[in-house]
Amino acid sequence: MTDFEFPTSLEEACQSLSQSAGEARLIAGGVALMVLVRHQIFFPTRLISLKRIPGLDRIAFDEKEGLGIGALVTHAQVESSPIVRQHYPALAQCVHHVGNLRVRNMGTLVGDLCQADNHSDPAPLLGVLGAKVRARSLRGERLLSMAEFHVDIYETGVKEDEIVTEIVIPPSAPQARTAYLRFSGNSPVDWPILGVAGSLICEDGRCAEVKISVGSLAAVPMSFEAECEALKGKKITAAAIKKFARACTATMEPIPDARGSEWYKKQVAEVYIRRTLETLMK
Ligand SMILES: Cc1cc2nc3c(=O)[nH]c(=O)nc-3n(C[C@H](O)[C@H](O)[C@H](O)COP(=O)(O)OP(=O)(O)OC[C@H]3O[C@@H](n4cnc5c(N)ncnc54)[C@H](O)[C@@H]3O)c2cc1C
């Protein structure tokens with residue numbers, strides 16, 4: 001038997017979680033958790049639902065602080081939010097590709113991150129956008145960078161007694177362009193074989209700042225600081241883009257699986273990194 005709890009405040013939920021000594025599990029949309037329960041892979045004894053906690057369903061924007069996406073906001077709500085579409089269009093486009101309509105209507109963006117499946121679509125994009133994760137417990141509140149948050153496949157930097165209350169995305173520079181491209185093989189509703197997120201600031205045709213993050217290929221999203229640094233100040237020509245994409249893929253060692261061998265994934269990554277930069281230049 002599973003005990004279901006429905007706390008009506010964050011304080012109450014934190015209390016419950018901290019008293020459970022690792023036994024209780026938080027549940028938001030239940031999309032990821034219920035798959036495991038239905039297939040009798042995971043047998044939770046205690047589930048703490050976030051559904052009745054006021055305020056967690058909010059999307060808020062402030063010119064200085066940026067965007068806040070609460071723990072109960074679904075992919076569909078992110079996709080259709082006028083605030084997200086106006087200020088972070090790449091995020092609205094990215095979550096449109098998550099699973100299917102049922103998954104997007106039930107599943108939350110925070111739940112997607114907390115599940116820490118390495119094929120998450122939003123994970124690499126949130127990294128490029130400089131997002132942080134706000135976690136709360138009885139011990140207080142802290143903000144984790146995406147680098148601190150992503151630890152391994154199905155493992156995050158969030159502690160057992162912590163609840164992620166929101167994702168915070170800083171305001172983007174007005175001249176920054178951001179894009180997310182994914183490749184899912186046969187069917188667009190499949191999990192991605194790989195997803196590439198990029199952002200670019202160009203001044204007089206030269207690269208002032210570039211960020212690239214590739215999801216799905218390793219345990220956590222890959223970033224390419226040295227290669228991005230090397231592109232700074234350079235003219236973004238077709239040849240420079242090609243060289244950059246090749247340099248990024250040269251050292252990567254994708255995890256081979258049913259979706260493709262290491263060699264195949266490297267080929268796809270090179271093409272998609274190139275296409276992402278070409279998209280950012282349009
Ligand atoms: C058929 C299918 C296709 C999918 N395709 C894609 C895809 O193409 N791309 C993609 O990115 N994703 C995909 N997903 C994943 C889906 O987006 C996530 O499963 C969903 O968003 C999880 O959100 P949830 O609210 O349902 O999480 P839940 O199932 O409620 O929770 C998931 C995990 O996160 C923890 N958790 C939830 N909320 C919090 C919180 N606030 N603080 C701390 N821990 C928390 C839970 O304890 C649990 O361990 C797919 C899923 C399915 C079933």
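This report describes the domains, the ligand surroundings, the strand pairing and some single residues of a predicted model.

In this predicted model, local features need pLDDT of at least 70 and side-chain atom pairs count only at pLDDT 80 or more, while totals for chains, interfaces and linings use all residues. Residues are numbered from 1 along each chain as its sequence is written, and side-chain values use heavy atoms, with hydrogens and water left out.

## Domains

The protein is divided into domain 1 (3-49), domain 2 (59-169) and domain 3 (177-281), the bounds coming from an automatic or database domain assignment. Between the C-alpha centres of domain 1 and domain 3 there is a separation of 36 Å.

## Surroundings of the ligand

Around the ligand there are 32 residues, of which L26, G29, V31, T108 and D121 come nearest; a residue is counted as near if one of its heavy atoms lies within 4 Å of the molecule. Sorted by class, this shell has 17 nonpolar, 10 polar and five charged residues, where Ala, Val, Leu, Ile, Met, Phe, Trp, Tyr, Cys and Pro count as nonpolar, Asp, Glu, Lys and Arg as charged, and the others, Gly among them, as polar.

At least two residues of the shell are supplied by each of β2 (24-27), α2 (31-38), α7 (109-115) and β10 (163-169), and α7 gives the most, with five residues. Helices (H or I, at least four residues) and strands (E, at least two) are DSSP runs, numbered from the N terminus.

| Residue | Polar atom of the residue | Ligand atom | Distance |
|---|---|---|---|
| A32 | backbone | oxygen | 3.0 Å |
| V164 | backbone | nitrogen | 2.8 Å |
| R182 | side chain | oxygen | 3.2 Å |

On its own the ligand has 980 Å² of accessible area, and the protein covers 90% of this; accessible areas come from the Shrake-Rupley method with a 1.4 Å probe, and for residues only the protein chains shown count as cover.

## Strands β1, β2 and β3

Strand β3 (residues 46-49) pairs in the parallel sense with β1 (residues 3-5) over three bridges and, again in the parallel sense, with β2 over four bridges; two strands pair if DSSP finds at least two bridges between them.

The loop between α1 (10-19) and β2 holds S20, which is buried at a relative accessible area of 4%. A polar atom of the S20 side chain lies 3.2 Å from the backbone nitrogen of A24.

## The sheet β11 to β14

An open sheet of four strands runs in the order β11-β12-β13-β14 with antiparallel pairing. Its edges are β11 (177-183) and β14 (222-223), each with a single partner strand, so one side of each is left without a neighbour in the sheet. Strand β13 (residues 206-215) is joined to β14 in the antiparallel sense over two bridges, and V214 stands opposite M222 in β14.

## Backbone angles and single residues

Most residues other than glycine have a negative phi. In the loop between β13 and β14, S216 has a positive phi of about 85° although it is not a glycine, and S216 is buried, with 4% relative accessible area. Q40, in the loop between α2 and β3, has a phi near 55°, likewise a positive value in a residue other than glycine, but Q40 is exposed, with a relative accessible area of 59%.

F61 belongs to strand β4 (residues 59-62) and counts as partly exposed at 25% relative accessibility. Although 23 residues separate F61 and V84 in sequence, their C-alpha atoms are 8.6 Å apart in space. P89, found in helix α5 (residues 89-96), counts as partly exposed at 38% relative accessibility; the C-alpha atoms of P89 and T156, 67 residues apart along the chain, are separated by 26 Å.

Methods
A polar contact is a pair of N or O atoms within 3.5 Å; within protein, one must be able to donate a hydrogen and the other to accept it, and residues adjacent in sequence count only if both atoms are side-chain atoms. Buried means under 20% relative accessible area, exposed over 50%, partly exposed in between (1.4 Å probe, protein chains only).
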